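Here's a quick briefing to read with the model open in your viewer. Have a look at the structure, then work through the points below.

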Amino acid sequence: MRPVPFEYVAARSVDEALDALTGDARVLAGGQSLLPLLNARAVRTSRLVDVNAAGLGLLRRRGGVLEIGATVRQAALERSALVREHWPLLAQAVGHVGSPATRSRGTVGGSVAHADPRAQLPAALAALDARFVHRGPLLVAIEVAPLPPGARTGYAEFSRGGFPDAGAAVVLAPDHAAVARLGGVRAPQAERALREGASAREAAALAAEGIDGAHRRALVADATRRALEQAGCA
Amino acid sequence: MTAPGDEPRGEARGGGVARGGGEARGGGEAPAPVRVTVRLNGTPHTADVEPRTLLVDFIRDRGLTGTKIGCEDGACGACTVQLDGEPVLACLTLAVQAHDADVRTIEGLDDDHPLKAAFHAHDAVQCGFCTAGILMLLDAHRHQDPETLDRTLRGNLCRCTGYRPIIDASRSAR
């Protein structure tokens, strides 16, 4: 199928985008989640506001903080030496997102704003305590503070192709533990246990506690254990 | 759609595509077309298109039918082309988003391209529906670690070969 007809606005600035975002208008960033929905007519809109030329495409470090403009491509995150060196968790997670062709267009901000509960990047960003910067209804940037000294990170998932069934992102450092699973949900009990010296297996079981269904619980526990082991936890 | 020769009613700003379909609201009238120029394999093609026109339809409507339409939701990769050198899914890209950009399709790949010869040598083509997309993807990822090829190919389905010949051909062409 093809989308229902819509008006197309290419915003040249955040102000122009905000002006155009009225009624049922939708933001178009990479379009890798929105276009399938429009093609299937699961989403209908009378106006698409394209923010790709709105000046939100910068990926840089400022004052030690990583700034990811809302339209930075997933492929740019994947190729960034800065990210690989200082925020390796993002590099680990983004390689699992979609496919090379969807990562060419798909944006980091779009993954966050679309907020599919199975998406990898929101989980990684949750483990990194990222800040999401808005102007009105528009996500304009994501900010990630430097990792604690000596930090190691891990991302693991269980996938049958397409979106994963379970996944976990972790940051471990002396006196610091962050564990997030898909959906961007942190696991405070597991984090506390890790700070007190729990093993990967023990912490993974805590992280999966409360999840409905033995099968799903096992998948989350397994992904969490593998992520923790990647990060150097025994 | 307007008749050939009609000017698009979209308001153009800064020489680019800025706005189309402004009069579509409420009345059930079709959105105004937008004038788009896409360089297809080096040749500029200009047309007035509805904003909802997918890049894959723009390409195929120009007679370049090597690019295939499969799932229209990003699962199959049959529509993979290169947009400014990057592999993209032409079903998940609007034609207006390719305005003033370079798009390369399977018709733009040289006959003596090493990947083509390798695909022949390894019997990596059967029905051929996936082939154009896979070649455009692999051509854009030529310098990639051959050990990760199966992950690179994750978004391109082939229901004939079982992938082994495709992976072997790709490795041999490197």
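Which residue of β9(A) does Tyr155(A) stand opposite? Tyr155(A) faces Ala169(A) in β9(A). Keep in mind that this is a predicted model, where local features need pLDDT of at least 70, side-chain atom pairs count only at pLDDT 80 or more, and totals for chains, interfaces and linings use all residues. Residues are numbered from 1 along each chain as its sequence is written, while chains are lettered from A and ligands numbered from 1 in the order in which they are written.

**The strands**

- Strand β8 (residues 152-158) of chain A runs antiparallel to β9(A), with seven bridges linking the two; strands pair if DSSP finds at least two bridges between them.
- On to the next partner: β9(A) and β10(A) are also antiparallel, over six bridges, and Ala173(A) sits opposite His176(A) in β10(A).
- The hairpin of β9(A) and β10(A) has two residues between the strands, and Asp175(A) there takes a positive phi near 65°.
- β9(A) is largely enclosed by the rest of the structure, because seven of its eight residues are buried (20 or more other C-beta atoms within 10 Å of the residue's own, with C-beta atoms placed from the backbone).
- Strands (E, at least two residues) and helices (H or I, at least four) are DSSP runs, numbered from the N terminus.

**Helix α10(A)**

- Helix α10 (residues 200-208) of chain A is mostly covered, with seven of its nine residues buried.
- Among those buried residues are Ala200(A), Ala204(A) and Leu206(A).
- The buried residues pack against β9 (166-173), β10 (176-181), α9 (188-195) and α11 (214-230) of chain A.
- Just past α10(A), Gly210(A) has a positive phi of about 90°.

**How α10(A) meets α11(A)**

- The two helices, α10(A) and α11(A), pack at an angle of about 140° with axes 8 Å apart; axes are lines fitted to C-alpha atoms over the stretch in contact, and angles run from 0 to 180 degrees between N-to-C directions.
- The contact residues include Ala203(A) and Ala207(A) of α10(A), plus Val220(A) and Leu228(A) of α11(A); contact puts C-beta atoms, placed from the backbone, within 7 Å.

**Chains A and B**

- The contact takes 35 residues from chain B and 26 from chain A.
- β5(B) gives the most to the side of chain B that touches chain A, with four residues.

Notes:
Buried ≥ 20, exposed ≤ 12 C-beta atoms within 10 Å, placed from the backbone. Contact = placed C-beta atoms within 7 Å.
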